[in-house]
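Hi everyone, thanks for coming. Let me put today's structure on the screen and walk you through one part of it.

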Amino acid sequence: MRILFLGDIVGLPGRKAVLHNLARIRDEESLDLIFANGENASGGYGLKQKHARELLKAGLDGITGGNHIWKYKDLYAMLDEDGRILRPHNYPEQLPGSGVRVFRKEGLPPVAVINLIGRTFMPPIDCPFAAVETVLDALPADIPVSIVDFHAEATGEKIAMGYFLEGKVSTVVGTHTHVQTNDAKVLPGGTAYLTDLGMCGAADSCLGMKPEIILDRYLTGLPRQLEAATGPGVLQGAIFDIDESTGKAVSMATFQRNG
């Protein structure tokens with residue numbers, strides 16, 4: 001099984017890059033499934049329902065979230081009703097949606113996707129390590145492949161999660177920091193790992209945002225509302241191959257394509 005997971009989609013340039021290239025990339029890379037983190041897809045913050053539908057229609061099999069997934073309330077019903085969209089599982093249980101979804105596609109074994117959010121340099125939240133352990137204990141035995149999107153700020157916390165889940169899941173990928181890391185590997189226990197997938201957004205930007213606004217904030221110390229950058233986009237993520245029978249990763253490599 002060959003899977004592509006794209007990093008955070010940021011604003012219109014990120015959406016355009018996904019919409020215009022997804023079908024071609026699926027064919028060129030012989031991909032079985034494609035996932036992406038979509039929590040920044042609408043204007044750089046949050047995910048509107050219309051943009052979620054647009055991205056799914058373009059060919060994404062599933063969309064994960066993060067700390068901005070709650071911005072647009074029109075998405076809440078979709079989080080409950082559409083099994084292809086996730087929010088971090090370690091948010092309170094009474095909130096809309098779920099952080100665990102099982103994707104079933106004809107000709108493939110079922111794939112569990114688990115969405116978690118970190119705690120280091122992030123708002124207070126339930127422990128992601130305890131949350132994922134509970135999830136894995138409850139997953140049916142007939143689901144051999146499992147993928148974790150860990151939406152976290154600190155590289156150390158992400159790496160710790162990778163080793164915590166080594167041999168327990170097929171893949172652990174990090175999102176949130178929008179900078180693709182150079183540590184794609186398969187851990188000895190058969191878990192594919194990457195600290196951060198990067199982003200799908202404007203290539204000439206600061207984490208997908210207009211650089212001049214970021215610079216002004218650093219130079220003056222004054223608060224300014226960030227805005228998604230414009231211009232040609234870039235697609236970043238990772239492609240991993242999974243042994244369908246064992247759920248173990250066979251290979252892991254970063255992916256980057258101009259949009």
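When I say helix or strand, I mean DSSP runs numbered from the N terminus: H or I of at least four residues for helices, E of at least two for strands. With that in mind, His151 lies in strand E7.

A word on the source: this is a predicted model, where local features need pLDDT of at least 70, side-chain atom pairs count only at pLDDT 80 or more, and totals for chains, interfaces and linings use all residues. Residues are numbered from 1 along each chain as its sequence is written, and side-chain values use heavy atoms, with hydrogens and water left out.

So, is His151 buried or exposed? His151 counts as buried because its relative accessibility is 0%; the cut-offs are under 20% relative accessible area for buried and over 50% for exposed, with partly exposed in between, using a 1.4 Å probe and protein chains only. What does its side chain meet? The side chain of Glu39, in a polar contact at 2.9 Å. Polar contact here is a pair of N or O atoms within 3.5 Å; within protein, one must be able to donate a hydrogen and the other to accept it, and residues adjacent in sequence count only if both atoms are side-chain atoms.

Now the sheet. 6 strands form an open sheet with mixed pairing, in the order E5-E6-E7-E8-E10-E9. Its edge strands, E5 (100–103) and E9 (185–186), each pair on one side only; pairing takes at least two DSSP bridges between two strands. E8 (residues 171–175) and E10 (residues 192–194) run parallel, joined by 3 bridges, and Val172 stands opposite Tyr193 in E10.
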